[in-house]
Each structure stands twice: as C-alpha cells, then as structure tokens.
Amino acid sequence: MKVQLAERLRRADFQGDFLEMILVAATKPGIISFAGGLPNPASFPVDELAKAAQEVLHEDGVIALQYSTSAGFLPLRRYIAERYAKSGIILDPDDIIITNGSQQALDLVSGALLDDGDVVVVERPCYLAALQVFHLYNPVVRTVELTPEGVAVDELREIIERDKPKFFYSVPNFQNPTGLTYSEAVRHGVAESLRGSDTMILEDNPYGDLRFRGLPGTSFHTLLGEQCLMFGSFSKIVSPGLRIGWIACTNKELREQIVSYKQRVDMHTNIFGQMVLARYLQDCDLEAHIEKIKELYGHQADVMLGAMSRYFPEGTRWTKPDGGMFIWAELPEGLQAVQLADAAAKAGVAIAAGDPFYEVDRGVRTMRLNYTNCDDGAIEKGIRILGDLIRKMQQ
Ligand code: PMP
C-alpha cells in the first residue's frame, strides 16, 4: 500500500529534521547537553503534585475522570486571571482558554486565523517549533531582525503596511533561541506599528516569570488590548510533562472560535491534570517556588557566562540573558555553527546550531546554548571543550 500523505506533511520539515538531530545528539549517554530546552528536573514539585493528585482523586475523582469542557477547568482559569491582575492586566476567567501547553496555543490560533498563502511575521531568529506549526498552515513567512533591543521596528512597520500580515509572533521576554528581551522603547514602537491595523500580535511568554535580573517590561496586551493574544505556560514554572498552557484572548468572537476549534481537535485538555495543577496552585506558594527556580537558573547562567569569557576565543560574541534558559552565541567570522556542532558531538558536547531557528538563512555562525539542565562542573567542562574546538576551527 502506498501511503498518500497530505501535502502539509510532504513539504520538507527542515526544522523537524534538525530537531531530531539535536535530540539524538543530546540524549547520547554521557553527553554534556546544552542543546535542548529542558527545565532543571530539580525544580519539579514531585511530592506536592503527588499529594494534589491523591486529593483530587479522593475528593473529586468522578469529575477528574469524566469528559469536561473545551475552555478548561474554571478554578484554573480563575487562578490565571488573578495572577495577571497582580501585574496590572485585568482579565475575566472567561478570557482564558486552557491548552495542551503553549505549543497547542500556537496551533489553535494558526488554525483559527490562517488560510493558505496568508502572511505571518516572525522574529529572525525564531522559536523553531513555532516555525514548524505555522508551516502546517502554508503561510508566507516574513522575518524581522531581532536586535539586542528587540525586533527591528522599521522593518516590522514596512511589512505590516505592505503585506498586511494576519499576525506577528513575538517572544518579547528571554526569547527562544536568543535569550534577548525587548526594551520598553521597542515595545512601544511595535505597538505603534500595529495600532489601527488588522494584524494581531501573538505574545508568547513562557519564560517571563523566570527573570533573575532587572524589571519586567510592558505586555503588548497593555499597549494594544484585544489586538494582542497572550500565550502562557506552566511548563517552565511547574512541569512541562503536565502539558498545560493557555491563551488569553479578550476578543469574544475570536475566543469562541478558538474554543470551538479546540473542541473539534481534542475536546479538551486533560481535566485530571488541570485539576491536580489547580489543587497544587491552591495549596502551595507558586511565587516562592518560582523564586527558587530563578535563583537556580540565575546561578547556572552566570556559571556559563563566566566559563564563556574564560574559554571562548576573541571574536566570539554572546548575549547576556536577564532570565529564561538560553544564551545565543556567534562564532568568529568564517566559521559555521553546524561544523562546531558536529565536532562537539564527537567530543561529548551537544549544542543547537542556529540554522533551524531561521526561515531562510543556512550555514550560520550562531548557536543556542541552554544552561538549565547541567550541573556547574558539566557547564564548565562543556564550555572549555567548545572553546578548544572553536580555536582549532580557526587554525
Ligand atoms: N513557546 C516558546 C517560545 C517555547 O520556548 C516553548 C517551549 N520550548 C513553547 C512555546 C512550548 O511550550 P509548552 O508547549 O511546553 O508550553
């Protein structure tokens, strides 16, 4: 039998192939991996979730094991709305749709908004799994350079005026892959370019809570209201295995369409998981838990940054993140990150070459380094090995 795959799967998936390579390299026994984007398992509240799961089953077992509603468990949506209120963003629990991680949020919103050939705008470089999801819907993908201050506003404005994109996908805080954060001036500039247009902004913010330096920036929702959809996730602050994230959408018509689309796709997000999470959030102090994660990641970031300044040769440059999980490094001129990734894998270190984070560019000099999933000794050793290899490649 010949499997007759749909066109959307017959198209090349450069990002997926690359991701597979990264995962294979990163999961080899004994390897030091800076390649993935995994939270530190030391941060998982295993005992607290075990207790919450017991309580949910004992007290509300038949609800937790029954079908439920597509928008999500109301106490969890209420908790999320109340947490936004603490940062000055006023939402109704009904504005929140619970999703299977923010990854599903990307898919649902793409499904609700995109027709073949529609234009979307992303950062350059961009979170690679967002590129993958968008490509399922066959859009034209435009990219805007991400500078150390945030996205290049003039370039964005031009694209919005010329191409009338359906949306701009933005990760303004501790972006994946670069670790960069938009300045206030850039946030206002972006909002100004979008205001009055029909282009939505998808503000994806899975790392926003993990700020270990500086002060939080203004959300696009504060600047643009319902033109901004906010995506959030419990993956980086509680557990990614729970697969629980959300969309905050204050436009009623769009929200109803997204919920209806979700109902057709998967009925609803695992209600047992939602109830366990809601119980955990009710009984434990999430903010204290996040403080501990920030302390851990801030320390790990500093260990990696310190090692990079000791071992990386002149001409190598890198970002200094104020939060999140990633550092983005650029090799000296003439070198390619894929070559370093190959040599590093042989020497026992996995890194993510920058290529799959770009829509078009290949053979790039940039690479993503994750610092949250190795101990201090492994970070020091891995960076030393990378430094030696870069020097060798320069000869
Ligand atoms: N958006 C960004 C920017 C991410 O880095 C990730 C996780 N790597 C996600 C969305 C998806 O996260 P999740 O589905 O676990 O919430």
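The conversation below goes through the strands, ring pairs, salt bridges and surface of a predicted model.

Trainee: Let us start with the sheet. In what order do the strands stand?

Mentor: In this predicted model, eight strands form an open sheet with mixed pairing, and the order is β2-β9-β8-β7-β6-β3-β4-β5.

Trainee: Which strands stand at the edges?

Mentor: The edge strands are β2 (96-99) and β5. Each has a single partner strand, so one side of each is left without a neighbour in the sheet.

Trainee: What is the partner of β2, and how many bridges are there?

Mentor: Strand β2 pairs with strand β9 (residues 245-248) in the antiparallel sense, over four bridges. Within this pairing, I97 stands opposite I247 in β9.

Trainee: Are the residues of β2 buried or exposed?

Mentor: They are buried on both faces of the strand. I96 and I98 lie on one side, while I97 and T99 lie on the other.

Trainee: How many bridges join β3 to β4?

Mentor: Six bridges join strand β3 (residues 119-124) to strand β4 (residues 140-147), and these two strands run parallel. Between β3 and β4 the chain passes through helix α6 (residues 128-136), and this β-α-β crossover is right-handed.

Trainee: Which residues face each other there?

Mentor: V121 stands opposite R142 in β4, and the bridge partner of V122 in β4 is T143.

Trainee: New topic: aromatic rings. How many aromatic pairs are there?

Mentor: The count comes to 10 aromatic pairs. In one of them, the rings of Y84 and W246 have their centres 6.3 Å apart and their planes at 85 degrees, so the pair is edge-to-face.

Trainee: Where do Y84 and W246 lie?

Mentor: Y84 lies in helix α4 (residues 74-86) and W246 in strand β9, so the pair ties together parts that are 162 residues apart in sequence. Y84 is buried, at a relative accessible area of 13%, and W246 is buried as well, at 8%. Another pair, W328 and Y358, is tilted: the centres are 6.3 Å apart, with 45 degrees between the planes.

Trainee: Which residues do ring pairs link into a cluster?

Mentor: Ring pairs link Y84, F234 and W246 into a cluster.

Trainee: Now charges. How many salt bridges are there in the whole structure?

Mentor: The search finds 25 salt bridges. One of them joins D95 and R255, with the closest N and O atoms 2.9 Å apart.

Trainee: Where do E158 and R162 lie?

Mentor: Both lie in helix α7 (residues 153-163), four residues apart, which is about one turn of the helix. The side chains of E158 and R162 meet in a salt bridge of 3.8 Å, N to O. E158 is exposed, with a relative accessible area of 51%.

Trainee: Which residues are linked in a network of salt bridges?

Mentor: K51, E55, E59 and R279 are linked in such a network.

Trainee: Finally, the surface. Which residues make the nonpolar patch?

Mentor: M1, V3, L5, L9 and L136 make a nonpolar surface patch of about 570 Å². M1 is found in the segment before α1 (7-10) and counts as exposed, at 94% relative accessibility.

Trainee: And F34: buried or exposed?

Mentor: F34 is buried, with a relative accessible area of 0%. Its place is in the loop between β1 (32-33) and α3 (46-64).

Definitions and conventions:
Residues are numbered from 1 along each chain as its sequence is written. This is a predicted model: local features need pLDDT of at least 70, side-chain atom pairs count only at pLDDT 80 or more; totals for chains, interfaces and linings use all residues. Side-chain values use heavy atoms; hydrogens and water are left out. Two strands pair if DSSP finds at least two bridges between them. A crossover is right-handed if, with the strands pointing away from the viewer, the path from the first strand over the helix to the second runs clockwise. Buried means under 20% relative accessible area, exposed over 50%, partly exposed in between (1.4 Å probe, protein chains only). Patches are made of residues with over 30% relative accessible area and no salt bridge: like charges are joined within 9 Å, nonpolar side chains (Val, Leu, Ile, Met, Phe, Trp, Tyr) within 5 Å. Accessible areas come from the Shrake-Rupley method with a 1.4 Å probe; for residues, only the protein chains shown count as cover. A salt bridge is a side-chain nitrogen of Lys or Arg within 4 Å of a carboxyl oxygen of Asp or Glu. Rings of Phe, Tyr and Trp (its six-membered ring) pair if their centres lie within 6.5 Å; planes under 30 degrees apart count as stacked, over 60 as edge-to-face and the rest as tilted.
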